[in-house]
Amino acid sequence: MRKKFAGYINLKPLNGVIYPSSIQNILMKNFIENHLGGMFYLSPTEVLQAKYSITLKTLISKETNVSGIVMLSSFLLPNNYKERESVYKRLIISKKKMFFILDELSLENKQDIEKIEDFIIFNSKHFIDTKKKLSAYESLIMKQYKDVSFV
Amino acid sequence: MKNLDKDFEKNGFVIVPGNKVLLEKLRKIIFLSVKSNKKINLKNYKEENISKIFNNFHRIVKLKDLNSLRFNIYNKINLDQQFSEYFYKISKDYLDKLVGNELSMQKKINLSIQMPNDKDSLLDLHSDIYAGESPFQVVVWMPLVDAYDTKSMFFTKPKYNKKMNEQLLNTDKFTTKEMYNKNKKYFKFLNIKFGDILIFSPLMLHGNTINKTKETRFSLNCRFKSLLSPYDVMVKSHRNIPNFYRPLNIKPLTKIGFNYIKKFQNK
């Protein structure tokens with residue numbers, strides 16, 4: 001019998017891109033059926049106004065009878081490091097797995113936590129901010145290279 | 001290559017020798033994918049002569065079947081981690097010098113197949129920067145057969161690029177096709193033999209026209225940038241991690257430094 005996997009919809013921007021829930025559903029269903037060979041069970045949406053990720057914690061808990069949770073990216077995990085640690089802990093205890101489609105990563109055991117945390121580095125300001133102007137120091141440095149330009 | 005960085009800064013591109021053994025491996029993977037399609041008859045061709053098969057692909061596959069076949073190959077090569085590793089290794093020495101050695105790589109390697117007289121596989125005059133790509137990236141373009149004349153792509157020089165860039169961004173008088181036709185004299189088709197690779201800046205205007213040669217072009221392209229340089233520049237787009245790029249290699253000190261920030265940022 002095919003295993004059941006839950007989708008997890010989160011409507012916060014994923015490095016600037018908000019994926020509508022319909023698109024998240026299509027991507028997750030496709031991933032669960034074609035990549036995991038499983039059954040797409042349900043895909044509740046995270047409560048955007050809540051302080052903590054209550055929907056995600058519900059999916060991880062024993063109350064939800066699924067083998068794993070699929071979401072678009074690890075960037076949709078709680079922003080707070082401590083809260084993420086608690087998510088990982090609960091996931092391992094409940095013997096469930098977590099899959100991140102766009103990151104091409106999964107969390108299937110304790111060793112994978114480091115891999116996920118290394119990836120979440122790219123959700124920091126340094127990587128997601130849009131660069132719109134040079135700092136005074138950058139401008140000064142670039143003065144000597146002003147001829148190296150194609151536009 | 002001795003003057004690689006100076007040549008790149010001067011011309012906006014370089015054509016350099018790639019690792020031919022690995023390029024042959026890339027071609028072989030694509031060939032095997034073509035061969036596995038039961039509708040394709042290769043009995044008139046010798047397997048070892050992949051150049052001949054690719055160059056004559058318009059005699060083997062009907063134009064109407066081309067796009068679905070291309071997508072099929074595209075999906076296969078992008079599931080194959082080795083394919084992506086070969087692609088990177090072929091360009092690694094040049095990327096080290098032009099971009100750096102801690103890199104992000106575009107998640108998907110694109111495959112183009114341009115048959116003679118095909119009007120539907122055209123990429124009109126454009127710069128990749130207009131599609132929200134980072135000016136910090138390079139495009140690595142690998143022909144899998146000899147590319148020349150209209151079987152290749154047209155490219156301009158930086159001095160014309162500056163002028164035309166201004167026109168293109170500020171005019172409502174021309175289409176991109178008209179703009180190309182008006183400025184044709186400022187573009188030339190790059191001749192790139194199989195075995196060589198083209199690396200260019202996304203700021204440079206380029207494109208293709210109908211392939212008027214008697215041969216089909218197979219080529220691959222993929223983007224690379226320094227892991228730590230800006231992704232979204234001037235406008236927010238999806239050309240970032242995890243939507244478009246993936247970290248290819250993360251150096252220990254990058255992990256250590258950012259994990260330090262992560263741990264203490266909420267305190």
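## A positive phi in a loop

B:Met234 lies in the loop that joins β9 and β10 of chain B; helices (H or I, at least four residues) and strands (E, at least two) are DSSP runs, numbered from the N terminus. The phi angle of B:Met234 is near 70°, a positive value in a residue other than glycine. B:Met234 counts as partly exposed, because it has 13 C-beta neighbours inside 10 Å. A residue is called buried if 20 or more other C-beta atoms lie within 10 Å of its own, exposed if 12 or fewer, and partly exposed in between, with C-beta atoms placed from the backbone.

This is a predicted model, in which local features need pLDDT of at least 70 and side-chain atom pairs count only at pLDDT 80 or more, while totals for chains, interfaces and linings use all residues. Residues are numbered from 1 along each chain as its sequence is written, and chains are lettered from A and ligands numbered from 1 in the order in which they are written.

## Other backbone features

B:Asp149 also has a positive phi, near 45°, and is a residue other than glycine. B:Asp149 belongs to the loop between β4 (137-143) and β5 (154-156) of chain B. With 14 other C-beta atoms within 10 Å, B:Asp149 is partly exposed.

The peptide bond from B:Ile241 to B:Pro242 is cis, and its omega is near 5°. B:Pro242 is placed in the loop between β9 (217-226) and β10 of chain B. Most residues other than glycine have a negative phi, and most peptide bonds are trans.

## Chain B as a whole

Chain B contains nine helices and ten strands. Its C-alpha trace spans about 70 × 45 × 35 Å along the principal axes. A compact globule of 267 residues would have a radius of gyration near 18 Å, and the 20 Å of chain B agrees with this. The radius is taken over C-alpha atoms, and the globule rule is 2.2 Å times the number of residues to the power 0.38.

Of the 267 residues of chain B, 37% count as buried. Two residues are in contact if their C-beta atoms, placed from the backbone, lie within 7 Å. Among contacts in chain B with a separation of 6 or more, 88% involve residues 24 or more positions apart.

## Two crossing helices

Helix α1 (residues 4-11) and helix α6 (residues 81-98) of chain B have axes that come within 9 Å and cross at roughly 75°. The axes are lines fitted to C-alpha atoms, for helices over the stretch in contact, and angles run from 0 to 180 degrees between N-to-C directions. α1(B) and α6(B) are therefore roughly perpendicular to each other, a term for angles of 65 to 115 degrees; angles under 35 count as roughly parallel, over 145 as roughly antiparallel and the rest as oblique.

On α1(B), the contact is made by B:Leu4, B:Asp5 and B:Phe8, and on α6(B) by B:Tyr94, B:Lys97 and B:Leu98. By class, this contact of α1(B) with α6(B) has four nonpolar, no polar and two charged residues. Ala, Val, Leu, Ile, Met, Phe, Trp, Tyr, Cys and Pro count as nonpolar, Asp, Glu, Lys and Arg as charged, and the others, Gly among them, as polar.

## A three-stranded sheet

Three strands of chain B form an open sheet in the order β6-β5-β8, with antiparallel pairing. Each of the edge strands, β6 (187-189) and β8 (206-207) of chain B, has a single partner strand, so one side of each is left without a neighbour in the sheet. Two strands pair if DSSP finds at least two bridges between them; two bridges join β5(B) to β8(B). B:Phe154 stands opposite B:Gly207 in β8(B).
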